[in-house]
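This report concerns aromatic ring pairs and charges placed over rings. Please consult the sequence and the structure shown here.

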Amino acid sequence: MSFNRISRLSLGVALLALSAPGLAQTGTPGGARYGSFGIDLTAADKAVKPGDDFWTHANGAWDKRTAIAPDRTSAGGSVILADQAEQQVRAILDDAARDPAAVGAGAKQFGDLYASFMDEAAIERAGAAPLKPYFAKIDAATDKQKLQTLFSTVGYASPVEVGQLPDPADPKRYAVAAGQGSLGMGGRDYYLEQGAKYDTFRTAYRAYVEKMLTLSGVTDASARADRIVALETAMAKVQWSPVQSRDLQAMLKPMDAAGRKALAPDFDWPLLLSTAGYAQFPVVYMTNSTALTELGKIFAATPVSTWQDWMKFRLASASAGALPKAFDQATFDFYGKTLADQPEQRARWKRGIALVNGTMGEAVGEVYVKRHYPPESEAKMGELIANLRAAYKERITANSWMDGATKTQALAKLAAFDPRIGHPVKYIDYSSLDVVRGDPVGNAMRAGEFQHQLDLSRLGKPVDRTLWGMTPQTVNAYYDPLNNQITFPAAILQPPYFDPKADAAVNYGAIGAIIGHEMGHGFDDQGSQFSATGKFENWWTPAARTAFTQRTAALSKQFDAYEPIPGVRVKGALTLGENIGDLGGVETAYAAYQKYQAEHGKAPVIGGLTGDQRFFLAYAQAWQAKLREGAARARLLTDPHSPPFYRVNGIVRNVDAWYTAFGVKPGDALYLAPGGRVHIW
């Protein structure tokens with residue numbers, strides 16, 4: 001596995017919104033996709049004062065009239081674009097079925113992959129038989145040594161995970177890391193939180209475990225399910241929380257063989273590492289260190305038979321979509337209906353698209369880019385990024401709390417930012433991936449092994465900075481601190497997010513703030529621990545770090561007070577990096593917009609709105625999204641992003657220019673006195 005939780009510290013765009021159009025332009029806006037100049041004024045609820053609830057002021061009417069689709073857990077612009085991308089990829093797959101040679105390299109493979117998943121009749125005829133060869137390997141793991149061999153074999157669950165990443169001490173080379181494994185129900189809090197809601201989740205999960213074992217042909221499923229749930233609960237109690245796992249100083253602990261043995265002596269580290277292909281690495285980063293110690297004790301104390309049952313359940317659960325409908329339905333009933341409040345399962349073809357994107361995403365993406373990504377988009381994105389970079393430079397230089405020595409390093413890091421736009425410069429070659437038509441379970445297992453072997457083939461070579469962590473058809477963006485790169489896939493760079501006919505204020509408030517957010521991750525509480533080269537090192541003076549921590553702590557405290565679901569609050573420490581990204585992004589995008597006006601002239605009033613008002617309304621509509629309660633709960637427990645409502649209201653109340661733009665005064669619900677506003681970048 002890849003340690004993406006470290007190498008991509010955050011996916012900076014989640015639940016993007018309905019009315020966030022594109023790039024700055026000169027001249028009079030006209031013909032924009034949304035409204036006459038890029039803002040959907042029909043979405044607003046003007047009865048709500050901006051200073052009382054800015055998200056609802058901008059989006060209240062949209063919220064009232066918009067229903068979440070029954071097969072979705074959210075609604076908003078990202079869903080609109082994801083649906084569009086699904087249709088576009090479906091057309092590619094349909095063309096591949098008719099004439100794969102005309103579509104391009106890999107078309108027959110991803111066509112067979114998709115067809116195998118879509119052949120429900122064949123899947124029903126096969127029953128649970130596709131699991132048998134993998135269950136046989138689990139049955140053959142009759143002692144702790146053999147179990148650990150499977151733990152490090154692709155496709156099998158493990159209490160510990162081993163994988164590779166750019167070395168935080170020298171990002172030009174690869175390193176290996178070990179950390180706590182995943183749990184079947186999801187985040188650890190589902191096992192540990194108290195209350196009737198969580199009791200319901202745990203009861204339903206235990207029934208789900210029993211059902212999956214029964215469907216798989218495992219005898220005495222009830223007793224085995226009890227033991228599996230007890231095992232996972234014990235693991236949840238010792239695992240690090242999402243907040244703990246954000247502490248990079250604690251996470252990135254390099255240890256030699258003696259250190260690994262002393263930390264977690266119950267695991268055979270030489271065996272785990274050699275099986276995974278990492279025997280040549282004398283030093284390994286031992287993340288979640290105390291959890292590894294305790295997980296080792298649990299491993300030693302738990303009978304082999306219970307581990308075997310657990311691995312069978314996890315394998316059946318992970319394979320459910322490629323197994324008969326009874327498996328598939330049981331999995332959706334628990335994860336979709338019970339945990340996420342999703343009424344209907346997504347159509348099978350849509351899930352097939354997700355499978356292909358996740359397995360051969362760059363092969364599909366290469367075709368997608370040729371069909372749907374205009375070359376001129378790259379140049380226009382480059383212009384806006386340059387303006388954001390210049391604005392960040394000015395704001396860092398003018399920063400009053402950072403000393404000169406630290407500013408010099410911050411500016412060097414800013415100058416070294418590597419923006420990647422649209423698509424990779426080279427695509428993954430999937431020709432050696434063995435796709436067997438009619439074997440969807442085997443295809444998934446072989447795809448996992450293909451990716452692992454691809455990762456191993458890169459060891460001993462310089463880190464390939466051209467690799468992408470998202471496919472071009474992904475509606476999202478991210479920052480990679482180990483490579484100091486920001487990445488914007490093609491799918492997000494189109495209407496409603498990328499519309500050159502929109503007003504400049506709207507463009508800067510929407511996509512500009514999103515770009516600024518990603519750039520800001522280089523200077524958030526985690527990204528700021530990496531230098532211009534991506535090395536994990538301190539480039540701050542003690543005084544500058546203390547001043548930074550004081551400001552970020554104040555922002556964290558603000559978000560701790562927000563309670564989207566009764567009894568479930570936003571975790572300020574978990575969401576801090578994203579909140580810093582949002583605050584820095586909108587303030588820097590606003591500064592970039594002022595630079596734009598200095599060059600092109602003061603923005604006119606359009607639709608009764610000043611340029612500054614349009615800027616902030618566009619920012620608010622960029623987070624025009626709503627979630628089902630179950631999905632919102634899951635995000636609050638595990639997601640480093642704050643809910644969309646608070647990504648607007650929790651941010652703008654710290655921005656001085658917003659107060660001026662909308663005449664926000666003391667007594668308004670969102671008002672903060674100037675001394676209580678947080679300013680970081």
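## Basis

The model is predicted: local features need pLDDT of at least 70, side-chain atom pairs count only at pLDDT 80 or more, and totals for chains, interfaces and linings use all residues. Residues are numbered from 1 along each chain as its sequence is written, and side-chain values use heavy atoms, without hydrogens and water.

## Aromatic pairs

Rings of Phe, Tyr and Trp (its six-membered ring) pair if their centres lie within 6.5 Å; planes under 30 degrees apart are stacked, over 60 edge-to-face and the rest tilted. Tyr208 and Tyr335 form an edge-to-face pair, because their ring centres are 5.5 Å apart and their planes stand at 85 degrees. Tyr208 belongs to helix 10 (residues 196-215) and Tyr335 to helix 17 (residues 325-340), 127 residues apart; helices are DSSP runs of H or I with at least four residues, strands runs of E with at least two, numbered from the N terminus.

Tyr208 is buried at 4% relative accessibility, whereas Tyr335 is partly exposed at 25% (buried means under 20% relative accessible area, exposed over 50%, partly exposed in between, with a 1.4 Å probe and protein chains only).

## Charges over rings

A charge sits over a ring if NZ of Lys or CZ of Arg is within 6 Å of the ring centre and within 35 degrees of the ring normal. Arg90 places its charged end over the ring of Trp349, 4.0 Å from the centre. Arg677 lies over the face of Tyr659, 3.6 Å from the ring centre.
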